[in-house]
Amino acid sequence: MDIKHAKDYLYWLYYQYLLITCCYVLEPWERSMFHTIFITVFAMVVYTAYVFIPIHIHLAFEFFSQLFGDQRESTVAIMN
């Protein structure tokens with residue numbers, strides 16, 4: 001993939017984004033406000049997922065390991 005094709009593809013993706021969100025009908029100052037709010041909300045969602053999803057996965061793993069019996073103890077006993 002050459003640079004011109006990649007650049008055209010990024011322009012196409014941005015155009016699709018403008019069409020889907022209807023940003024092409026906004027004035028420039030409205031568009032910049034919309035992009036700022038959208039990026040802020042997206043960053044907060046990513047940060048929240050980064051912080052809280054591993055904790056919930058760990059707690060779910062502990063819950064199910066207690067529910068079905070702790071398999072780690074039996075494998076450690078076999079290895080020793």
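This briefing covers the helices, the cysteines and the aromatic rings of the structure above. The model is predicted, so that local features need pLDDT of at least 70 and side-chain atom pairs count only at pLDDT 80 or more, while totals for chains, interfaces and linings use all residues. Residues are numbered from 1 along each chain as its sequence is written, and side-chain values use heavy atoms, with hydrogens and water left out.

**Helix α2**

- Helix α2 covers residues 28-67, where helices (H or I, at least four residues) are DSSP runs numbered from the N terminus.
- The end C-alpha atoms of α2 are 56 Å apart, which agrees with the 58 Å that its 40 residues should span at 1.5 Å a residue; the expected span is 1.5 Å times one less than the number of residues.
- At Phe-52, shortly before the proline Pro-54, α2 has a kink of about 30°, the bend at a residue being the angle between axes fitted to the seven residues ending there and the seven starting there.

**Cysteines**

- A search of the whole structure finds zero disulfides, a disulfide being a pair of cysteine sulfur atoms within 2.5 Å.
- Cys-22 is in no disulfide, and the nearest cysteine sulfur, that of Cys-23, is 7.8 Å away.
- Cys-22 is partly exposed, with a relative accessible area of 41%, whereas Cys-23 is buried at 0%; buried means under 20% relative accessible area, exposed over 50%, and partly exposed in between (1.4 Å probe, protein chains only).

**Aromatic rings**

- The structure holds six aromatic pairs, in which rings of Phe, Tyr and Trp (its six-membered ring) have centres within 6.5 Å, and planes under 30 degrees apart count as stacked, over 60 as edge-to-face and the rest as tilted.
- One of these pairs is formed by Tyr-9 and Trp-12, which are stacked at 5.9 Å centre to centre with 25° between the planes.
- Tyr-9 and Trp-12 both lie in helix α1 (residues 3-21), three residues apart, or about one turn of the helix; Tyr-9 is partly exposed at 43%, and Trp-12 is partly exposed at 45%.
- Phe-34 and Phe-38 form a stacked pair, with 6.3 Å centre to centre and 10° between the planes, and they are separated by about one helical turn because they are four residues apart in helix α2.
- Phe-34 is partly exposed at 30% relative accessibility, as is Phe-38 at 40%.
- Tyr-14, Tyr-17, Phe-34 and Phe-38 form one aromatic cluster.

Note on methods: Helices (H or I, at least four residues) and strands (E, at least two) are DSSP runs, numbered from the N terminus.
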